[in-house]
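Let's take a walk through this structure together, one piece at a time. Have the sequence and the 3D view ready.

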Amino acid sequence: MSAHSTDHTAQPAILAEVNPAIIPRAVLVEQNRDFHWITEKVCGIVEGTTPTWWWWCFGLAAVIASFTVSGLVYLVSTGVGVWGHANPVNWAWDIVNFVFWIGIGHAGTLISAILCLLRQKWRTSINRAAEAMTIFAVICAAIFPVFHVGRIWFAVMPGWLFPFPNSNGIWQNFRSPLEWDVFAVSTYGTVSVLFWYVGLIPDLGTMRDRFTATGNMLKARIYGFFAMGWRGSNRHWSNYEMAYLVLAGIATPLVLSVHTIVSFDFAVSLIPGWHTTIFPPYFVAGAIFSGFGMVMTLMLPLRAVYRLEDLITQYHIDCMCKITLATGTMVGYAYSMEFFIAWYSSNPYEGFAFINRAFGHYAWAYWIMIGCNVITPQFFWFKSVRENTTLVWILSIFVNVGMWFERFVIIVTSLARDFLPSSWGYYSPSIVEIFTFFGTFGVFSFLFLLFIRFVPIMPMSEVKAVIPAADPHAGHHH
Amino acid sequence: MKKNYGIVAAFDTTPALYQACLQVRDAGYTQWDSLTPFPVHGLDAAMGMRRSQVPRFSLTGGLIGFCTGMSFIWWANAYEYPLIVGGKPYFSPMFAFPISYELTILFTAFATIAGMFLLNRLPMHYHPLLKAPQFVRASDDRFYIVIEASDPKFNPAQTRALLEQAGGKDIAEIEE
């Protein structure tokens, strides 16, 4: 070592020229497909005849959705007593399902906004469907807080949810995280719809032009109305891209803040097991984890049914699996850190809350959660698993199940065993609650099926922009 | 006799369009545009365009949103009906922050999109270019340059020659 450093006449320590190894970039659209192929492929889904499977799924989704409708009609006409909430668990099924659905939405915004800012080009072929998933998940989520007030018109007047004064002219207490949540979720829903719609405009223009060319003037009018007269002008694209970038830039802090505020619903209270500072990052990681689970649950069948393998490649699946793995591991870390802090804080109530979670009456739910959320994603370390689409799909279902149980465990175990042993109880959902939740999967599928039937499921303009032919310098960069 | 809107030339590839845009820009035209099915990287500079003004709308919207949140919560909890909660002050920017933050984002989103539509003069469902049948491909796989007749340098023969020399195909005049 010393002989080497003193020998100045030997070869220079710095190379005269650095030749980094060229790592080939993953191809985002396989088989070298051209612009026209992408247009035909994506528009073909909307323009073709309605497949038989679509009608079957649509009918099934409508039947399942009717469970939610009946459950809600029964709730509003009878009263909130039809739900199984009772002392001490006065808040369970509705908030569990609300957090579950709103969390699923977060992957859509992550894909459309955060990955846009990080210039992850693989987002292009999945962002439209993921954003649609976000919007429908927010709709399903919103059902629960709106209906848990019982007399739903009270949500607006006298302002049990939205900011309106009551009959004494008193306004809401804006210190309450529940009021913050109203603003967070309604902003999230609105911005998600706007972001999605802005992304759709150029593609609606394409649909309008294609229907005009084939002489289907009614459809050309309808798509044209929503396309706003888009004509692909580069002077428009310039403002459009800037607007899209700004929207991505604000949707990123938005998505992080929404689940942070959702976690404040718990963290700002004093219940053992809720009152922890780890909640905001832990909830955000969990939300993205569950959302990617749902994106894969939706996209993998879609890819198979519509033969989209050239657009949603193995690389895309790899990326989604890796994000699921990363966020799932973060969630696992948060679970263990909660236990550590409970012990380290020497707070007997906190310590009891966590021992009770793992070994109490709800231990079954806790271990389902651990199995689905901590163990399932670890399979994604293996390439052979990520390349087995069926297995990835099955694992993604486990992620969805696990994340529902996470919310159940956090909310129900903490409330069922609070400070006073005299008020301890055991919560079981009523049949009305179970049906109402079960039906939301129908509501979600119903909306998603309409989406894939009538809206281009991929942003054609964005996918075209990431293929090699889109490069104006033909690979010769200046 | 209908008025002439401009001359249009088609290009099959992005490099061809990019090079042609450089030539049209350097020839000194100002009232012209290119139509592309997707945003072409670097085309703004090749067309000599300024940076988009959309962020000004966004900033304005964001500031209005934040101030709306703060002042509304102050008005509701400290002025209109002062609300005593746990002996805390009637108003503090701390507890008003989460809602103001969300309103900042909400108003920014509205302002950004409104700004984009305003600057682009959209919605505009009637436009000479939308009437021309060949433009169906502008939203599919072809690229176009349009030089408008209102451009001070516009001259039917010279402009056509420029577009021909730049490699434009299917050069045609578009009616108003």
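**Starting from one tryptophan**

A:Trp55 counts as exposed, because it has 11 C-beta neighbours inside 10 Å, and the cut-off for exposed is 12 or fewer. Keep in mind as you look around that this is a predicted model. You'll find A:Trp55 in helix α3 of chain A, which covers residues 52-78. Now look for A:Leu449: it is 394 residues away from A:Trp55 in sequence, yet the two C-alpha atoms are 9.3 Å apart in space.

The largest nonpolar core has 149 residues. Which residues have the most contacts inside it? They are A:Ile102, A:Met133, A:Ala137 and A:Val295. Helix α8 of chain A provides the largest share of this core, with 17 residues. If you leave aside its neighbours within four places in sequence, A:Ala137 is in contact with A:Trp101, A:Ile102, A:Ile104, A:Gly105 and A:Phe444. There is also another core, lying apart from the largest one, with 30 residues. Among them are B:Val24, B:Ala46, B:Leu129 and B:Leu162.

Next, how do the two chains meet? On the chain A side, 56 residues are in contact with 58 residues of chain B. Four helices of chain A, namely α2 (35-47), α6 (177-213), α8 (234-267) and α16 (460-465), each supply at least two residues to the side that touches chain B. Which of them gives the most? That would be α8(A), with 17 residues. Sort the residues on this side of chain A by type and you get 27 nonpolar, 20 polar and nine charged.

Over in chain B, the domain assignment gives two pieces: domain 1 takes in 4-52 and 126-175, while domain 2 takes in 58-120. Taken over C-alpha atoms, the centres of these two domains of chain B are 44 Å apart.

Chain B also has an open sheet of four strands, and its order is β2-β3-β1-β4, with antiparallel pairing. Since β2 (32-35) and β4 (169-175) of chain B each have a single partner strand, they stand at the edges, and one side of each is left without a neighbour in the sheet. Going from one strand to the next, the twist averages 20 degrees.

Let's follow β3 of chain B, residues 143-148, and its partners. Six bridges join it to β1 of chain B (residues 4-11), and the two run antiparallel. Is β3(B) mostly covered or mostly open? Mostly covered: five of its six residues are buried. In a regular strand, side chains alternate between the two faces of the sheet.

To finish, look at helix α6 of chain B, residues 156-165. This helix lies across β1, β3 and β4 of chain B, and runs at about 10 degrees to β1(B).

Technical notes
Residues numbered from 1 in each chain as written. Chains lettered and ligands numbered in written order. Predicted model: local features only at pLDDT ≥ 70, side-chain atom pairs only at ≥ 80, totals over all residues. Contact = placed C-beta atoms within 7 Å. Nonpolar A, V, L, I, M, F, W, Y, C, P; charged D, E, K, R; others polar. Pairing = 2+ DSSP bridges. Axes fitted to C-alpha atoms, helices over the stretch in contact; angles between N-to-C directions. Domains from an automatic or database assignment. Core = buried A, V, L, I, M, F, W, Y, C linked by C-beta atoms within 7 Å. Buried ≥ 20, exposed ≤ 12 C-beta atoms within 10 Å, placed from the backbone.
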